Amino acid sequence: MENGAVFAGLQPNPATAHHHHNNFLAPSDRVIKLLPPLLTVKRHFCPQPLKLQKQSHFASLRVNDTANAVPVATPTSNVALDLAEIDWDNIGFGFIPTDYMYIMKCSQGENFSNGELHRFGNIELSPSAGILNYGQGLFEGLKAYRKHDGNILLFRPKENAFRLRTGAERMCMPSPSVEQFLEAVKLTVLANERWIPPPGKGSLYIRPLLMGSGAVLGLAPAPEYTFLIYVSPVGNYFKEGLAPINLIVETEMHRATPGGTGGVKTIGNYAAVLKAQSAAKAKGFSDVLYLDSVHKRYLEEVSSCNVFVVKGNVISTPAIKGTILPGITRKSIIDVARSQGFQVEERFVTVDELLDADEVFCTGTAVVISPVGSITYLGKRVTYGSEGVGVVSQQLYSSLTSLQMGRAEDKMGWIVELK
């Protein structure tokens with residue numbers, strides 16, 4: 001599946017190109033599979049939800065309804081894929097509706113099985129759904145990149161699958177297997193291929209969601225669960241791009257507490273940071289850096305990023321101890337930095353060390369690396385260097401993005417190539 005999946009016959013409904021569907025999703029009896037590698041034929045599109053048969057490898061395509069059909073070319077044919085009509089130089093990090101999303105359901109105590117590829121649109125939930133009433137939900141984030149040769153690359157998707165399963169166990173939810181997660185991601189990306197930005201113009205952000213969709217009134221795990229993947233083309237997360245961001249250290253509110261859910265990617269972790277983040281942005285800061293809730297002197301993380309402190313040849317980052325999300329970009333940067341001769345320490349890092357650092361940077365799927373130009377703590381503002389991009393930040397950013405985009409040899413075995 002990694003090297004030869006060919007997606008043919010699914011072409012976008014023009015109505016989905018620039019706005020949402022307002023209709024709820026409905027069941028469908030239309031069945032599709034993927035064509036075998038290197039088979040180049042023309043098929044027709046079906047404007048209804050598409051049901052995917054359960055199987056370990058998708059092999060062929062069958063669409064039963066050819067009404068209003070139009071011919072399309074496969075991605076491996078000589079016909080160039082038409083990209084979506086977007087100003088690729090100015091897309092920013094905002095949601096843009098695409099063509100398809102993937103949905104898979106299961107009941108409590110059972111395993112996920114059949115998945116469905118649907119036209120992108122709204123979903124229907126009971127007002128008593130577990131996600132709406134008790135926040136029983138997780139999400140993931142990863143990216144797909146387009147290479148100049150037309151290949152599509154995913155960066156360490158297995159890590160997202162593993163992390164989702166860890167989070168699901170903490171939140172009392174069933175979760176897709178690693179194989180199901182990977183196949184669902186690949187299928188969704190290929191179905192939305194025209195939304196992947198040209199090389200160097202951004203990436204396709206992939207958002208898997210796992211949620212308690214069944215109705216439950218008393219506090220308890222939901223009786224039914226939905227795994228959903230949608231995608232959106234994106235540019236830079238921070239408007240500054242790779243330019244330095246300005247952070248303020250939050251001393252009163254906390255992102256997570258020991259024994260809580262700070263170490264998993266549950267939805268509640270992010271709603272909890274909005275108040276402090278909004279206040280910081282109103283004062284001109286880019287984001288908030290949180291401290292531990294016990295001693296209020298050790299660094300934890302930014303609202304949605306891990307943080308690193310550079311002093312000489314030593315790079316320090318807060319240790320994963322249950323209150324900090326084990327970021328996949330964080331993990332990758334640690335390995336890349338060590339391979340380049342840096343000493344990397346995962347430990348408790350104090351505010352004093354932060355203020356005395358040579359450089360500070362943040363990492364995350366959305367941002368990759370964001371250098372920090374200044375930190376404000378208790379009214380005191382500390383700047384780093386000339387508020388430009390630090391040497392270490394630039395070096396690690398270039399190394400990791402070159403690997404993610406296929407411009408450098410993947411010696412780590414992290415890249416999954418779709419075509």
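Trainee: Which residues does Pro 199 touch, not counting residues up to four places away in sequence?

Mentor: Pro 199 touches Arg 146, Lys 147 and His 148, leaving aside residues up to four places away in sequence. Keep in mind that this is a predicted model. Start with the place of Pro 199. It sits in the loop between H3 and S10. Its relative accessible area is 24%, so Pro 199 is partly exposed. The cut-off for buried is under 20%. Now take Lys 147. It is 52 residues away from Pro 199 along the chain, yet the two C-alpha atoms are separated by 5.5 Å.

Contacts across the chain come next. Among contacts with a separation of 6 or more, 73% join residues 24 or more positions apart. The protein chain has 419 residues, and buried residues make up 53% of them. Its elements are eight helices and 21 strands.

In general, nonpolar side chains tend to be buried together in soluble globular proteins.

Look at Phe 227 in detail. Its partners include Tyr 102, Ile 103 and Met 104. Phe 181, Ala 184, Pro 208, Leu 209 and Leu 210 are also among them. Residues up to four places away in sequence are not counted here.

Two other loops deserve a look. Cys 172 lies in the loop between H2 and H3. Its phi is near 60°, a positive value in a residue other than glycine. Cys 172 is partly exposed, with a relative accessible area of 47%. Glu 124 belongs to the loop between strand S6 (115-119) and helix H1 (130-134). Its relative accessible area is 57%, so Glu 124 is exposed. Ser 213 is 89 residues from Glu 124 along the chain, and their C-alpha atoms are separated by 9.3 Å.

Val 368 also has a positive phi, near 65°. This residue lies in strand S19 (residues 368-377). Val 368 is buried, with a relative accessible area of 6%.

Now for a helix pair. The axes of H6 (residues 328-339) and H8 (residues 391-404) come within 10 Å and cross at roughly 110°. That makes H6 roughly perpendicular to H8. On the H6 side, the contact is made by Thr 329, Ser 332, Ile 333, Val 336 and Ala 337. On the H8 side, Leu 396, Ser 399 and Leu 400 take part. Five of these residues are nonpolar, three are polar and none is charged.

Last, the confidence. The protein chain averages a pLDDT of 84, and 80% of the residues score at least 70. Residues 1-79 have a pLDDT below 50. Even so, this stretch has 185 contacts in the model beyond near neighbours in sequence.

How values were computed. Residues are numbered from 1 along each chain as its sequence is written. Side-chain values use heavy atoms; hydrogens and water are left out. pLDDT is the predictor's confidence in each residue, from 0 to 100. Contact means heavy atoms within 4.5 Å. Axes are lines fitted to C-alpha atoms, for helices over the stretch in contact, and angles run from 0 to 180 degrees between N-to-C directions. Helices (H or I, at least four residues) and strands (E, at least two) are DSSP runs, numbered from the N terminus. Angles under 35 degrees count as roughly parallel, over 145 as roughly antiparallel, 65 to 115 as roughly perpendicular and the rest as oblique. Ala, Val, Leu, Ile, Met, Phe, Trp, Tyr, Cys and Pro count as nonpolar, Asp, Glu, Lys and Arg as charged, and the others, Gly among them, as polar. Buried means under 20% relative accessible area, exposed over 50%, partly exposed in between (1.4 Å probe, protein chains only).
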